[in-house]
Amino acid sequence: MGLEDYTNLNRDDSFCYWLEKRTETLGSIWGGTSFKFGVYRRDDTTAKENSGGRSWSTEYGWQTKYGASADEAWQTVHERLVQVIEAAQEGDLERVEAIDVCWPIVKWKIAFLYQNQDKPKIFPVYRDDRLLHHYRLVDPTAKRKTGRAVLYPTLLDRYSDLGGVFEVAKHVWNEDEAPSTARYWAVPLHVPLTPEQAKQLCGLTEVNPGDYPPLLDELLTDAEVGVDDHLALMLNDHVLAVGVVESAEPGVYVWRQRAVDLHPDLTSIPSEVEELDAAAREAIWGALEDEPPPGEVRYWKLAAGEQSYLWDEWKDGGYIAIGWDRFGDVSRFDRAGFEKLMKELQGEPGYGPEGPRQVWRFAQIRPGDRVLVNRGTGKVLGVGTVTGPYEHQPEEGEYCHRFPVIWDPDFEPLDINEGGFRRTLIELDAAKFERLTTPTEVESEPPEPPLPPAGPCPPPQSLILFGPPGTGKTWSTMERALQLLLGREAVAPMRPETRAQQFRKLQREGRIELVTFHQAYGYEEFVEGIRPVLDEDASGDVRYEVHAGVFKRIALRAAGEGIRAPARLDTFDLLWDALLADLREQGERIVESVSGKAYTLRATSRGNLEAAALERDDEGELRDAGGRPLTASRKNLKLLWERRADLGTEPDQITNQKTTELYASAHGGGGGHHFTAVWLAYRELLLLSRSRTTTATTTSPSFVQEVLDRPQAGTVDFQFSSRTRPYVLIIDEINRGNISKILGELITLLEADKRLGADNELKLPLAYSPQHRFAVPPNLHIIGTMNTADRSIALMDVALRRRFRFEEMMPCTSVMRTVLAGKVANRVLIDLACDLVDTMNARIRLLYDRDHQIGHAYFLDVRTVEDLRDVFADRVIPLLQEYFYGAWEKVCLVLGCPYDEDGRPQRAGPCVNGDGYVAPMVRAVRQDQEDVLGFAHEDLEPELDFEISTPFRPSSAGQARLRTLLVQAFLGVLQLDQEDRDAMLLALTPEADS
């Protein structure tokens, strides 16, 4: 297929047209721009300048990253699409995921169309928001970055009872199952862009990948912005553009936008993509003056003054009103005149930069519009219909702007919970107005079925899988870990690739840790140890800190799942110490002030907190602004914490004026303090307090350590049950480490009856921090692997043997047959591979022992005779050399080519031809003393010189090899008569294939 075939404008034979339109019933990829195909044929041939990662010629448009010309771009796109097709046919979804070509919806539709139809792994839904919605029914904590290589196989497993890929797709695409409500977002351009770049971006009418840096894509992805969502692009507190999202996937965010010029009244400037509440949404989109069609009803919410003190007057008088009387009669202005007067009034009490603009919005209400009156965020007081035009009544004082209203006589006040009702006037959509003004019928929703009572926490598993190399021990730990974390029933139907994806996901979440023991591994790496840290100041001094090892980290995380800390324990001193401990462990924490400015918060050596201002460089990276750090003292914060009920619990209620008056009163002076540092410290304390005074779990290591250090019995502070989330620590090659050196005194804590909450619970002091106590929770499972061929098995600690359950894993050719049956068409090749493993292992057991056999896992990727050769050259022969180091006679016995002292074959039969083997893997030649030394040495006995045959040397990999020679070498390992040998040779040689 050429470029013309791929993207011509003829609807009958254009690949892109067929992909998008003719195969629409096989999954829609509509939306976005033609750049989603990587390169496309232009309908409009108007000259355009290259920009934003997009290039144009008179005939074509293409993504610049694919090439400098349309032909170069097509060459790149074509090559990568072929790779996608090949990977899809092989069922390698991770490889499809990794190939950068076109937009994901295009790439994955092509992968669906060209996959192995007999074993499909992709179903025809290509929008990741639909896929992710259903995936979160399996894993509610899943992030937007979860790739389709995880989503597709997991959902196919989950909905396998529905039927094939089309039945699964129909269920996933079901509108009733998909999220449908558009969301509104503030996008802070001052984070990823310079002011000049932000203004340039906002001047575009359509934004595509390449128009913005990767950091902005990450912000949109982390916030999970979706298709049809609305964006407000902001430079600090200034909205420069608003847009609607057309494509929403990591790496491919596209939206159409229009430039605006607004300074909305927001409580803070966002530093990340942040969803806007109803008030902020109204402050931005409400100021855009989108006139509704004539006769269309609009819906409004209006607050009746502070604490709704005007409601009774409105209800009795049949009207609504709004303040800001200094504007006079608003109907005499056009928008420009109103904005001019508003600027003149700026700075006067009550006339801020945005709030008074609500008067203009109020004047846009029309007869027939519906209005509800609210009290704060928790009550709707009344609902009515506007019956007449705007009226200006200056004699009424401040609330002189009015509309006549007929109130619904049968409406009863309703309780609501609408956090965005901070502004006085907000326009609502019809659905939200209906929801807020309709009584909830409790009987209409069936009650949630009660959860079954929590049972006891399952006993901790301490398991070691042991056996020869290549028996699948490490691979099996993945399945065992998933079974412990997700349950056997959930894991059983999963395909291998789904299991691998779930395993990696749980690793990222910190619920699975994997470590490999070795001779140099010690207590310091596993539990805790002292490490040097170089100061970043000019002195460059080195200090030493205690760092937690992998075992301690996962144990504290697992223990945090069982904490049930009562609120009475959260005094200020406990919270402050916990916050200091967290900050010292992190080094520093980046936080935002009440104005939205970034600071680093760190603990000082005197037990206070210090905030240093940050600024962004030209590349959008945060750096030290260079000013003097601000200090929040323990003394000041304790006073503020104890008086927070009077000052206001929420951080936005704590103001500079309030804290100044508080400290002036308490200290008897001017009340000097750094408000920003105090506010930041108070907010961090409040967040920490709320995470600890609930019955939910906590993952703060410092808090878990604090609870462990308390003198009360563990059952008071920890409650583990069948609902407690489990964790798994995997220790590969556990026998290669010195267990006494690595675990030390903590090996006792591995026993089930010594875990947290058990009858014989133990808490032991740690070697490097004896002031702390450490214990192992019952929801932490440990799985180890042990290679029995490793000589270090002799060092295996007896104490470890007593505390673990051992499960042997030996070579199993039945597993080989099962795995290869689905991947290798030639059944004779499968028989050959299995017979080779069985034959060699029987000889190894006779010559050595059962612990040094050859595992079946080495052979699971064999697809051809050449693959089998690679396994022998790279794995089997080197392993035998290690087993029988220097004893080549035994290596030859295992490989079926033993020699006598003169170098002649010791076997007979079809594998021997004259004085030699037909195709031995190891050749033996009798050394001639005179040829080597130049004379006959009387003290030396004649010896054999052994060498690996050329086709089986690693250096010959990739060279052309005769299949017949290889097959003969493999058949020579086995004990076959002439008839069986000829039959297998015929089935495995090229002549048989033809």
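Select Glu751, Asp753, Lys754 and Arg803 to start: a network of salt bridges links these residues. A salt bridge here is a side-chain nitrogen of Lys or Arg within 4 Å of a carboxyl oxygen of Asp or Glu. Side chains of opposite charge can pair when their charged atoms come close. By this rule there are 35 salt bridges.

The model is predicted: local features need pLDDT of at least 70, side-chain atom pairs count only at pLDDT 80 or more, and totals for chains, interfaces and linings use all residues. Residues are numbered from 1 along each chain as its sequence is written, and side-chain values use heavy atoms, leaving out hydrogens and water.

Next, select Glu513 and Arg557, which form a salt bridge with the closest N and O atoms 2.7 Å apart. Glu513 is in strand E19 (residues 512–516) and Arg557 in helix H20 (residues 550–560), 44 residues apart. Helices (H or I, at least four residues) and strands (E, at least two) are DSSP runs, numbered from the N terminus. Both Glu513 and Arg557 are buried. Buried means under 20% relative accessible area, exposed over 50%, and partly exposed in between (1.4 Å probe, protein chains only).

Move to Glu4 and Arg41, whose side chains meet in a salt bridge at 3.0 Å, N to O. Glu4 belongs to helix H1 (residues 3–7) and Arg41 to strand E1 (residues 39–41), 37 residues apart. Glu4 is partly exposed at 42%, and Arg41 is partly exposed at 22%.

Last, select Lys65 and Asp100, a salt bridge with its closest N and O atoms 3.2 Å apart. Lys65 is exposed, with 51% relative accessibility, while Asp100 is partly exposed at 38%.
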